[in-house]
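Here are my notes on this one, point by point. Have the structure open while you read.

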Amino acid sequence: MNHDIRCNQKIIRYENGKLTETEDDFVTELPITVMVNKTEFATVVCSPNHLEELILGFLASEGVILKRTDLLQLDIDEHRGYAHAKVTTDIHQANYLSTKRLVASCCGKSREFYFQNDAAIAKKSMSTIKLQPQQILHMMSQLQAHSQTFIATGGLHNAAISDGSNLYIHRQDIGRHNALDKLYGYCIQHHISVRDKILIFSGRISSEILIKAAKIGVGVIISKSASTTLAVQLATDLNITAIGFVRDEHFNIYSHPERIVNPNCISHQITT
């Protein structure tokens with residue numbers, strides 16, 4: 001059973017020169033310690049919903065499982081804050097346990113990445129999708145329309161998978177990585193091919209987020225925020241179209257613009 005991801009509490013607000021008692025909406029968070037084959041693997045601080053998707057996507061993105069059948073059993077005890085996963089992988093031999101990790105909900109350097117493992121898991125996109133500019137603007141509008149909890153609290157990251165017209169699945173979490181892991185877990189559970197899907201994201205496209213997109217397997221990532229230089233380099237190398245600042249009828253294409261159809265048929269002005 002999932003807990004509510006928002007709650008209402010009393011606060012004191014200063015406004016117009018006065019202190020007033022009122023109420024406000026808050027996001028909730030829950031630490032979940034992930035046990036893999038009875039060994040502590042990591043603690044994930046997350047929004048307490050869609051936890052099975054989160055753990056499945058997290059284990060897949062970390063390379064602990066490569067396919068759904070690698071996860072033999074998953075038991076989640078929300079009250080005690082534990083997820084017990086039984087997998088076919090020998091995590092001791094695979095050297096996943098060099099350090100115990102806290103996967104925090106904050107932005108910035110919120111995960112400890114092992115780039116050798118990331119390089120092995122990240123996929124070079126083979127997507128052949130073509131998108132019209134208006135599709136990109138429409139998808140971002142859809143994401144924002146599904147973000148009522150963010151509007152109420154201002155404390156969540158939002159992400160979705162789309163086919164270019166409709167959102168297949170939308171997830172939100174206090175942690176940006178968690179939101180993507182929930183999407184990844186959903187796609188694994190439901191055997192959804194993501195090769196020609198689009199990842200829509202509310203936050204900055206950092207190198208960590210770009211690597212996550214590559215692990216999921218999408219060919220396009222769009223965001224209402226900026227991108228970092230390393231993310232653009234990785235997107236170029238991994239054949240991913242990265243698009244940022246999608247807002248107010250404009251956006252920036254940072255890599256592989258050939259997937260975006262030029263409405264004025266002047267594609268010779270767009271170079272990779």
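1. First, a term: buried means under 20% relative accessible area, exposed over 50%, and partly exposed in between (1.4 Å probe, protein chains only). By that scale Arg80 is exposed, at 68%, while Asp77 is partly exposed, at 26%.

2. Some housekeeping. This is a predicted model, where local features need pLDDT of at least 70, side-chain atom pairs count only at pLDDT 80 or more, and totals for chains, interfaces and linings use all residues. Residues are numbered from 1 along each chain as its sequence is written, and side-chain values use heavy atoms, with hydrogens and water left out.

3. On to salt bridges (a side-chain nitrogen of Lys or Arg within 4 Å of a carboxyl oxygen of Asp or Glu). The count comes to 6. Asp77 and Arg80 make one of them, with their closest N and O atoms 3.9 Å apart.

4. Have a look at Arg171 and Glu53, which form a salt bridge at 2.7 Å. Arg171 sits in strand E9 and Glu53 in helix H1, so the pair ties together parts 118 residues apart in sequence. Arg171 is buried at 9% relative accessible area, and Glu53 is buried at 8%.

5. Lys182 and Asp173 also pair in a salt bridge, 2.7 Å from N to O. Lys182 is buried, at 0%, and Asp173 is likewise buried at 0%.

6. Gly63, which follows H1, has a positive phi near 85°.

Methods
Helices (H or I, at least four residues) and strands (E, at least two) are DSSP runs, numbered from the N terminus.
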